[in-house]
Amino acid sequence: MPGVLLTINTKVGATVKRGDALMILEAMKMKNELKAPKDGVVAEIYVAEGQQVKYGETLVRFES
């Protein structure tokens, strides 16, 4: 979903559980929590706070 990334609640190397809130995205004046789709370790974060993101853009990569 397109919008502005307000906050990043994780960092590279963090272990997350499915459902953990990773980021908050503002879209259409609503704040949306972006949650981890699976248990894992954050390998890379491709965006920064305040950045405009597009539909389908990759935001986070998890280690395999």
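Accessible areas come from the Shrake-Rupley method with a 1.4 Å probe, and for residues only the protein chains shown count as cover. On this basis the protein chain exposes about 4400 Å², of which carbon and sulfur atoms supply 52%. The structure is a predicted model, in which local features need pLDDT of at least 70 and side-chain atom pairs count only at pLDDT 80 or more, while totals for chains, interfaces and linings use all residues. Residues are numbered from 1 along each chain as its sequence is written, and side-chain values use heavy atoms, with hydrogens and water left out.

The protein chain has seven strands and zero helices; helices (H or I, at least four residues) and strands (E, at least two) are DSSP runs, numbered from the N terminus. Along the sequence the pattern is β-β-β-β-β-β-β. The radius of gyration of the protein chain is 11 Å, close to the 11 Å that the globule rule gives for 64 residues, so the chain is as compact as a globular protein of that length. Here the radius of gyration is taken over C-alpha atoms, and the globule rule is 2.2 Å times the number of residues to the power 0.38. Along the principal axes, the C-alpha atoms fill a box of roughly 30 × 20 × 20 Å.

Of the 64 residues, 33% count as buried; buried means under 20% relative accessible area, exposed over 50%, and partly exposed in between (1.4 Å probe, protein chains only). A contact requires heavy atoms within 4.5 Å. Among contacts with a separation of 6 or more, 42% are accounted for by residues 24 or more positions apart. The mean positions of the 9 positive and 8 negative charges are 3 Å apart. Lys and Arg count as positive and Asp and Glu as negative, whereas His and the chain ends are not counted. The place of a charge is taken as NZ of Lys, CZ of Arg, CG of Asp or CD of Glu.

Two strands pair if DSSP finds at least two bridges between them. Strand 3 (residues 21-27) is joined to strand 1 by four bridges, and the two run antiparallel. Within this pairing, L5 has L25 as its bridge partner in strand 3, and V4 stands opposite E26. V4 also stands opposite Q52 in strand 6. Strand 1 and strand 6 (residues 52-53) pair in the antiparallel sense over two bridges.

On its way to strand 4, strand 3 forms a hairpin with two residues between the strands, where M28 takes a positive phi near 55°. Six bridges join these two antiparallel strands, and E26 stands opposite K31 in strand 4. Five of the seven residues of strand 3 are buried, so this strand is largely enclosed by the rest of the structure. A27 lies in strand 3 and is buried at 8% relative accessibility. Leaving out residues up to four places away in sequence, A27 touches M1, P2, G3 and N32. A27 and P2 are 25 residues apart along the chain, yet their C-alpha atoms are separated by 6.5 Å.

The other arrangement described here is an open sheet of three strands in the order 2-5-7, with antiparallel pairing. Strand 2 (15-16) and strand 7 (60-62) stand at the edges with a single partner strand each, so one side of each is left without a neighbour in the sheet. Strand 5 (residues 40-45) pairs with strand 7 in the antiparallel sense over three bridges, and E44 has R61 as its bridge partner in strand 7.

T10 is found in the loop between strand 1 (3-8) and strand 2. With a relative accessible area of 14%, T10 is buried. Apart from neighbours within four places in sequence, T10 is in contact with V16, L22, V42 and I45.
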